[in-house]
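This briefing goes with the sequence and model shown below. Please keep both open while reading.

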Amino acid sequence: MSSQVQILALETLLVDVPTIRPHKLSVATMMGQTLVLVRLQTSDDVVGWGEATTIGGLAYGEESPESIKTNIDRYIAPLLVGQDATQVAACMARVKGHVQGNRFAKCAIETALYDNQAKRLGVPLSELFGGRVRDSLPVAWTLASGDTTKDIAEAERVLDLRRHNIFKLKIGLRSVKDDVAHVAAIQRAVGDRASVRIDANQAWSVTEALEGCRMLADAGIDMVEQPIAAHDKLGLRRLTQANIIPIMADESLHGPVDAFTVASTQAADIFAVKINQSGGLRGAAQVAAIAEASGIALYGGTMLEGAVGTMASAQLFATFDSLSWGTELFGPLLLTEEILREPLMYRDFALHLPRTPGLGLDIDEAKLARLRRDR
């Protein structure tokens, strides 16, 4: 027992940060983001960080920032305090054996354990998943003001900065024709300088999606993400088999079981891999493996996490053999406050990963103390 590295404490922080502008999705309009951070302290004085951030309270999914914090503090932390932090799989098996669901909460815990262990070993977290095949990741920027003129100006600005040349447009609040007109105008403005995709966040019926896909393909749009309800996997298959425009599954993928169902029924051309949605880094790696074995392309998705969740995702995505549709790891750029002493490096249309141990982040704990909700 004395040779163990014991988990001494697990602390869950709610950190409220305004966004740089309203971020309009079909399910919610965000004026700010609540980062749900987990700080894991071990007996050898190593600190690991994880994140379980979601979108729009309960508008997007069944976990909210408040429920995540409550369930970690009340049910998960007591299971892990005193356990051997070097045994990440055993710790997570213990959690899964006692706690149903709670994918986001489990992701934050698992990330903190891996960050802690990688720091102890003196290696980047990516090394725990086989090592990287790339040190930078292409990053899309989401245009979600809902105003065509503003979105075009925003696209031009980030193109000029050489920060993004992939744009994903959030639509679904207007009629299909009005949404397509909005998207087509932005596509014409950026021309061949950028890739333009759309995300309807489940807003359309299958009939509307078929109509929308045809018009979007005619407008030169590259891909359509989750246009219909997450549970309607047969409808998603119908859209994919129509072969009008590449279809990406997102909300339909709640981990490896869903990934197997979608892949085995050929219900998507692309998988949006999300570590929180998958229940953790290992789950996300399994989702990616199922996709690759099925000939389905990969895209690195986001839950609009802050720096911790973004870098955790990046560390995993950097190990994927192929990432043909890039990533969407722009979450920290949407926030008005920085929680790191040294911000993440975005340049030349990509996020560049550090080579320092663990997540490679230097958390500004004084800044967190000021921003946390219970201050």
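The model is predicted, and local features are reported at pLDDT of at least 70, side-chain atom pairs only at pLDDT 80 or more, while totals for chains, interfaces and linings use all residues. Residues are numbered from 1 along each chain as its sequence is written, and side-chain values use heavy atoms, with hydrogens and water left out.

**Domains**

- The domain assignment gives domain 1 (6-122 + 365-371) and domain 2 (128-352); such bounds come from an automatic or database domain assignment.
- The C-alpha centres of domain 1 and domain 2 lie 23 Å apart.
- Across the boundary, 39 residues of domain 1 are in contact with 43 residues of domain 2, where contact means heavy atoms within 4.5 Å.

**Strand β1: I7**

- I7 belongs to strand β1 (residues 7-24); helices (H or I, at least four residues) and strands (E, at least two) are DSSP runs numbered from the N terminus.
- I7 counts as buried at 1% relative accessibility; buried means under 20% relative accessible area, exposed over 50% and partly exposed in between, with a 1.4 Å probe and protein chains only.
- Leaving aside residues up to four places away in sequence, I7 touches L40, Q41, T42, L80, V81, G82, Q83, A85, C91 and L113.
- One of these contacts, L80, is 73 residues from I7 in sequence and 6.7 Å from I7 in space, C-alpha to C-alpha.

**Strands β2 and β3**

- Strand β2 (residues 29-42) and β3 run antiparallel and are joined by five bridges; two strands pair if DSSP finds at least two bridges between them.
- Within this pairing, Q41 stands opposite V47 of β3.
- The hairpin of β2 and β3 has four residues between the strands, and D45 there takes a positive phi near 65°.
- Five of the five residues of β3 (residues 47-51) are buried, so the strand is largely enclosed by the rest of the structure.
- V47, W49 and E51 point one way from β3, and G48 and G50 point the other way.
- In a regular strand the side chains alternate between the two faces of the sheet.

- D258, A259, V262 and A263 are the buried residues listed for helix α8 (residues 256-264).
- These residues cover an arc of only 130° around the axis, which puts them on the same side of α8; the arc is that of the directions from the helix axis to the C-beta atoms.
- V257 and F260 are exposed, on the face of α8 turned away from its buried side.
- The cover over the buried residues of α8 includes α7 (233-242), β9 (247-249), β10 (270-273) and α9 (281-293).
- Q266 follows α8 and has a positive phi, near 50°.
- N243 lies in the loop between α7 and β9. N243 has a positive phi of about 60° although it is not a glycine, and N243 is exposed, with a relative accessible area of 65%.

**Strands β9 and β10**

- β9 and β10 pair in the parallel sense over two bridges, with M248 opposite I270 of β10.
- β10 is covered on both faces: I270 and A272 are buried on one side, F271 and V273 on the other.

**The sheet β4-β13-β12**

- Three strands form an open antiparallel sheet in the order β4-β13-β12.
- β4 (136-138) and β12 (345-347) stand at the edges with a single partner strand each, so one side of each is left without a neighbour in the sheet.
- Neighbouring strands of this sheet are turned by 25° against each other on average, direction ignored; axes are lines fitted to C-alpha atoms, for helices over the stretch in contact, and angles run from 0 to 180 degrees between N-to-C directions.
- β12 and β13 (residues 350-352) pair over three bridges in the antiparallel sense, and M345 has H352 as its bridge partner.
- F349, in the loop between β12 and β13, has a positive phi of about 65° although it is not a glycine. F349 is buried at a relative accessible area of 16%.

**H352**

- H352 lies in strand β13 and is buried, with a relative accessible area of 19%.
- A polar atom of the H352 side chain lies 3.1 Å from the backbone oxygen of R347.
- H352 touches D135, S136, M345 and R347, not counting residues up to four places away in sequence.

Methods
A polar contact is a pair of N or O atoms within 3.5 Å; within protein, one must be able to donate a hydrogen and the other to accept it, and residues adjacent in sequence count only if both atoms are side-chain atoms.
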